[in-house]
Number of protein chains: 2
Amino acid sequence: MQSTDVVESIKRVLRDRGLHATSARVSVLEVLREGHEHRSVEDIRAQILERYPMIDPSTVYRTLETLEEHGLAVRVELGDKRTRWAYMTDAHHHMVCRRCGAVAEMGDAPFQRFADDLTGAYGVRVDMQHLVLHGLCRRCAARSDT
Amino acid sequence: MQSTDVVESIKRVLRDRGLHATSARVSVLEVLREGHEHRSVEDIRAQILERYPMIDPSTVYRTLETLEEHGLAVRVELGDKRTRWAYMTDAHHHMVCRRCGAVAEMGDAPFQRFADDLTGAYGVRVDMQHLVLHGLCRRCAARSDT
DNA sequence: CTGCTTGCAAATAGTTTGCACGTTC
DNA sequence: GAACGTGCAAACTATTTGCAAGCAG
């Protein structure tokens with residue numbers, strides 16, 4: 001299990017979707033797969049530059065967009081102006097605390113129930129992969145109860 | 001019931017919150033109150049210019065931020081890059097269709113149930129005023145069932 | 001009159017685009 | 001070698017900020 005194998009498996013994934021396995025795409029996917037937090041374009045680029053020679057920001061933008069179209073990456077809007085990106089894995093959700101800024105992760109079950117409710121009531125099919133909510137985190141909510 | 005009365009009532013609302021009742025604030029609130037769709041800063045400014053002499057974009061930005069802090073306006077992120085604003089009224093929610101772009105409004109009940117679920121499960125207090133979801137609208141969902 | 005607000009102009013920040021060259025298949 | 005993807009530089013768009021002058025209380 002060498003890092004070469006990781007690269008090879010990523011290339012296979014890309015070619016399976018009919019994409020050219022370019023070094024830009026490989027490096028972006030490689031970095032995305034290493035953690036499941038959501039990262040900005042600049043974070044991603046910085047991590048790539050630590051081990052690959054060079055990549056232009058515009059290439060990172062274009063690459064992420066391509067990966068998104070092919071179901072390999074997800075776009076997450078946390079509420080500040082920069083778009084975050086994550087490797088497409090299991091559904092999990094976030095809440096950004098409006099008081100302290102903490103980002104909490106939450107499991108999928110209540111979200112699925114909610115999505116089903118909405119389908120029943122309105123016929124819509126809600127994307128429930130990486131929802132972002134705002135509000136008060138557990139700690140700030142508890143404090144404001146006093 | 002003259003338009004003067006509208007202006008006077010808005011001024012009262014502003015002063016009640018300890019804000020100076022400036023013409024910028026009055027005109028922004030007046031325009032926001034006229035419809036409950038969500039409008040961009042430029043939309044709002046354009047509507048103001050139809051009847052008031054002049055207002056700078058930066059003033060609209062600052063005014064909306066102030067109104068938000070005082071609970072008179074809500075910020076809504078529909079997913080494109082510009083922030084939309086609405087008059088703060090009853091809770092209602094939106095779904096942006098990822099296929100056709102339609103924006104559907106939905107009532108509050110399932111959302112409240114969901115918020116209570118999350119409080120029970122995670123202790124968080126979710127803001128459920130103007131949530132924006134993404135997915136497939138009724139029509140596009142039906143079509144993709146074939 | 002005193003401080004909060006505004007207009008103006010300029011600066012940011014994130015993102016997008018056109019084009020010539022390099023790479024992948 | 002044909003099509004696709006990348007780097008580079010420049011353009012855009014929405015938004016923010018500093019400052020001097022204006023208006024509200």
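A residue is near a molecule or strand if one of its heavy atoms lies within 4 Å of it. This is a predicted model, in which local features need pLDDT of at least 70, side-chain atom pairs count only at pLDDT 80 or more, and totals for chains, interfaces and linings use all residues. Residues are numbered from 1 along each chain as written, chains are lettered from A and ligands numbered from 1 in the order written, and side-chain values use heavy atoms, without hydrogens and water.

Start with DNA strand C. It is surrounded by 20 residues. The closest are A:Arg15, A:Tyr61, A:Arg82, B:Thr22 and B:Thr59. Of the atoms of DNA strand C within 4 Å of the protein, 74% belong to sugar and phosphate. By class, the nearby surface has eight charged residues (Asp, Glu, Lys, Arg), five nonpolar ones (Ala, Val, Leu, Ile, Met, Phe, Trp, Tyr, Cys, Pro) and seven polar ones (the others, Gly among them).

Now the individual atoms. The side chain of A:Arg15 has an N or O atom 2.6 Å from a phosphate oxygen of DNA strand C. For A:Arg62, a side-chain N or O atom is 3.5 Å from a base oxygen of DNA strand C. Helix 4 (57-69) of chain A gives two or more residues to this surface, as do helix 2 (23-34) and helix 4 (57-69) of chain B. Helices are DSSP runs of H or I with at least four residues, and strands are runs of E with at least two, numbered from the N terminus.

Turn to chain B. Three strands form an open antiparallel sheet there, in the order 1-3-2. Strands pair if DSSP finds at least two bridges between them. Four bridges join strand 2 to strand 3 (residues 84-87) of chain B.

Note on methods: Polar contact = N/O pair within 3.5 Å; in protein donor to acceptor, adjacent residues only side chain to side chain.
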